[in-house]
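Visitor: I am new to this one. Could you take me through a single part of it up close, slowly enough that I can follow each link?

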Amino acid sequence: MKEFYTVDDVQGILGIKQAKAYNIIRKLNKELENEGYEVIKGRINKTKFESRYMYKRNQVI
């Protein structure tokens, strides 16, 4: 199972261009660094990305 998304993953998920995907990865990695985590350039932690960009609707039954 993947723990990190690459720029290609972010592009595919959000349907954006490469430059924008890199900007998002840099921004999220900066947040992680400020929280004291080590980061990998060009990759973003899956959990961090999904917490910020994956919207889940409440299901009404």
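This is a predicted model: local features need pLDDT of at least 70, side-chain atom pairs count only at pLDDT 80 or more; totals for chains, interfaces and linings use all residues.

Guide: The chain averages a pLDDT of 90, and 90% of the residues score at least 70. Among the elements of the chain, α2 has the highest mean pLDDT, 97. Helix α3 has the lowest, 92.

Start with K48. Look for this lysine in helix α3, which covers residues 46-53. Is K48 buried or exposed? K48 is buried, because its relative accessible area is 13% and the cut-off for buried is under 20%. Which residues does K48 touch, once neighbours within four places in sequence are set aside? The contacts are L28, E31, L32 and E35.

Take E31 first. E31 and K48 form a salt bridge. Their closest N and O atoms are 3.2 Å apart. E31 sits in helix α2 and K48 in helix α3, so this pair ties together parts that lie 17 residues apart in sequence.

E31 has another partner, R52. The salt bridge between R52 and E31 brings the closest N and O atoms to 2.4 Å. R52 belongs to helix α3 and E31 to helix α2, so here the parts tied together are 21 residues apart in sequence. How open is the arginine? R52 counts as partly exposed, because its relative accessible area is 34%.

Now go back to K48 and turn to E35. The side chains of E35 and K48 meet in a salt bridge, 3.2 Å from N to O. This pair also links distant parts of the chain, 13 residues apart: E35 is in the loop between α2 and β2 (43-45), while K48 is in helix α3. E35 is partly exposed, since its relative accessibility is 49%.

E31, E35, K48 and R52 are linked in a network of salt bridges.

Next, step back to the two helices. Helix α2 spans residues 18-34. The axes of α2 and α3 come within 11 Å and cross at roughly 110 degrees. That angle is why α2 counts as roughly perpendicular to α3. Which residues meet where the helices touch? From α2 come I24, K27, L28, E31 and L32. From α3 come K48, F49, R52 and Y53. What kinds of residue make up this contact? Five are nonpolar, four are charged and none is polar. Among the residues that meet here are E31, K48 and R52, which also belong to the salt-bridge network.

Finally, look at T47. T47 is in helix α3 too. Is T47 buried or exposed? T47 is exposed, because its relative accessibility is 55%, whereas K48 is buried at 13%. How far is T47 from Y22? Their C-alpha atoms are separated by 17 Å, and the two residues are 25 apart along the chain.

Buried K48 has salt bridges to E31 and to E35. E31 also pairs with R52.

How values were computed. Residues are numbered from 1 along each chain as its sequence is written. Side-chain values use heavy atoms; hydrogens and water are left out. Helices (H or I, at least four residues) and strands (E, at least two) are DSSP runs, numbered from the N terminus. Buried means under 20% relative accessible area, exposed over 50%, partly exposed in between (1.4 Å probe, protein chains only). Contact means heavy atoms within 4.5 Å. Axes are lines fitted to C-alpha atoms, for helices over the stretch in contact, and angles run from 0 to 180 degrees between N-to-C directions. Angles under 35 degrees count as roughly parallel, over 145 as roughly antiparallel, 65 to 115 as roughly perpendicular and the rest as oblique. Ala, Val, Leu, Ile, Met, Phe, Trp, Tyr, Cys and Pro count as nonpolar, Asp, Glu, Lys and Arg as charged, and the others, Gly among them, as polar. A salt bridge is a side-chain nitrogen of Lys or Arg within 4 Å of a carboxyl oxygen of Asp or Glu. pLDDT is the predictor's confidence in each residue, from 0 to 100.
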